[in-house]
Amino acid sequence: MITFRPSAKLDKQALLVAFSQEQVRGKNFSSVPQALRKSIADIVGGKQFLGENGETFPLLVQKQLVLLVGVGETRNINLTTLRCTLRRALLSAPLKKAKEVELILHDQSSAVVAAAIEAVILGTYRWSKYQAPNPNFIENKKVFIVAQAKPAYQQAVTICEGTNLARDLINENADVVTSDYLEKTIRSIIKDKKNVKLEILNRKELKAKGLNLHLAVNQGSNKEPKLIIVQYTGLPVHKNYTALVGKGVTFDTGGLNIKPTGSMETMRTDMSGSAAVIGTLYNTVKLNLRKNVIFVCGIAENAIGSAAYKPGDVFVSYAGKSVEILNTDAEGRLVLADAIAYTVKNYKPSRLIDIATLTGACVVALGHDYTGLVTTDVDLSRQLVHSSNETDDRVWRLPNYPEIKEAVKSRVADIKNVGWPKGAGGAITAAEFLRQFTDDTPWAHLDIAGTAFVDGQCRFYFAHGGTGAGVRLLTHFLQNN
Ligand code: BES
Ligand code: MN
Ligand code: ZN
């Protein structure tokens, strides 16, 4: 929890003070209360603290713990490093057990304060539901940031909450976060809102309307497949809706083309696209965005059973195109194809962005720090890259071009659900498959297979588990376009 206060009060268990190297070199301690200046000057005078990035020095001043943290030379400070540095300090031994921490920054500019908010809320997030409480670590610290409260800061807090909501959905067991659970989560976000309309297609409706690709993926599962659509009207005079469509595969076993050990353990995260859509919905509702948006979650479980769909099967999609299934593990594009076609036909959005943990090939191409972006639209490309730069929720563009159509042609159906042999260009052939269901609606595709979760220690300022990739990006995109 974060509170803003205009000046430092030294009334909390611990104080975290960030210093730039210039401040230390110039012995400029004006940011801290008088009572602390002498002790800090002594340490700095003895060259025990230089303010280099990541450097820390603990002091005890009048029974209060004070942790000095260096953030480096001002010209070298970038907001990513700053978030990492502040996060590390908050999690470091001297502050671990503190319930309440006051935080004085080296600079009170809006960008720095917003980065500090992210360091606190995103940086200290940890999925610990199934662990015994750790007496040596206080989670959910109360942090009191010394800065004038501004509406923009409250917004930054909200956006972090939306991001962490997505992370909770990703991190919880797949048999808890089912289509029913996601439906409940969405209902609770929009309850009492008058400017939203909810449409839900369950198995019965999916069947009646012919979303056969979506149904095929779910055939081996005992859980209900669902297409959930929230139409949010924040600007009634405006007719243009932006559609956000998320892959919501609550678990991906690979189907009959089963995934090997080592590849399946993280597949509860295969609904991260839907989690990003739900996190963005949370932000949109909470911030009362004056935009028109259609939030779509295509939810299925790619399980194995006697009813499971099979390699070689051909299905006719909602859009009418027939699809040959050559690999049951290429299921995300099937669910999305029907979700995209249904949204385009029935809601006629002026632009559509899908987001999905779609391909291992995207992870090979870009690694874990950049989401893959494929788009045919120059405006969407520019706008999404701009939001990526502003939010640190990073994207990098991959190509789409007319000739790539050949990669998904089938010998027995209109198209097939795999691309070139040996998985060559797997991220862009998967994107091309999706493009063919957009009916030329301006479209962008975000492949978050590499960015949606951290499998291991920590990446940037994200702990092991879901990152909420796409939430900050899409929220910023909606706010600004
Ligand atoms: N959900 C996976 C993609 C994925 C892989 C996400 C690794 C996160 C980490 C997707 O459904 C999948 O299995 N894709 C296949 C496609 C292939 C069979 C054409 C892949 O990437 O191997
Ligand atoms: Mn798969
Ligand atoms: Zn998948």
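This is a predicted model: local features need pLDDT of at least 70, side-chain atom pairs count only at pLDDT 80 or more; totals for chains, interfaces and linings use all residues.
Q: Let's start with the metals: which residues are the protein donors of the manganese ion (ligand 2)?
A: They are D252 (OD), D329 (O), D329 (OD) and E331 (OE), and these atoms lie 2.0 to 2.2 Å from the manganese ion (ligand 2). Along the chain the donors follow the spacing D-x76-D-x1-E.

Q: And where do D252 and E331 sit in the chain?
A: D252 belongs to strand 9 (residues 242–252), whereas E331 is in the loop between strand 12 (322–324) and helix 11 (332–347), so the pair, 79 residues apart, links distant parts of the chain.

Q: Is D252 buried or exposed?
A: D252 counts as buried because its relative accessibility is 3%, which is under the 20% cut-off for that word. E331 counts as buried too, with a relative accessibility of 1%.

Q: How far apart are the manganese ion (ligand 2) and the zinc ion (ligand 3)?
A: They are 3.1 Å apart, and D252 coordinates both of these ions.

Q: What about the angles among the six donor atoms of the manganese ion (ligand 2)?
A: Those angles run from 70 to 168 degrees, and the site is classed as irregular.

Q: Switching to the sheet, in what order do its six strands come?
A: The order is 1-6-5-2-4-3 in an open sheet with mixed pairing. Strand 1 (2–5) and strand 3 are the edge strands, each pairing on one side only, and the twist from one strand to the next averages 25 degrees.

Q: Which helix packs on the sheet?
A: Helix 2 (residues 34–45) does, touching strand 2 (14–20), strand 3 and strand 4, and its direction makes about 135 degrees with that of strand 3.

Q: Do strand 5 and strand 6 pair in the parallel or the antiparallel sense?
A: Strand 5 (residues 100–104) and strand 6 (residues 142–146) pair in the parallel sense over four bridges, with V101 standing opposite V143 in strand 6.

Q: And how do strand 3 and strand 4 pair?
A: Strand 3 and strand 4 (residues 64–72) are antiparallel, with six bridges, and the bridge partner of V61 is Q64 in strand 4. Their hairpin has two residues between the strands, and there Q62 takes a positive phi near 45 degrees.

Q: Back to strand 3, which residues are on its covered face?
A: F57, L59 and V61 make up the covered face of strand 3 (residues 56–61), while T56, P58 and L60 make up the uncovered one. In a regular strand the side chains alternate between the two faces of the sheet.

Technical notes. Residues are numbered from 1 along each chain as its sequence is written. Chains are lettered from A and ligands numbered from 1 in the order in which they are written. Side-chain values use heavy atoms; hydrogens and water are left out. Donors are N, O and S atoms within 2.8 Å of the metal (3.2 Å for Na, K and Ca); water is not among the atoms, so sites may look incomplete. Four donors count as tetrahedral if all angles lie between 85 and 135 degrees; four count as square planar and six as octahedral if opposite donors are over 155 degrees apart and all others between 65 and 115; anything else is irregular. Buried means under 20% relative accessible area, exposed over 50%, partly exposed in between (1.4 Å probe, protein chains only). Two strands pair if DSSP finds at least two bridges between them. Axes are lines fitted to C-alpha atoms, for helices over the stretch in contact, and angles run from 0 to 180 degrees between N-to-C directions. Contact means heavy atoms within 4.5 Å.
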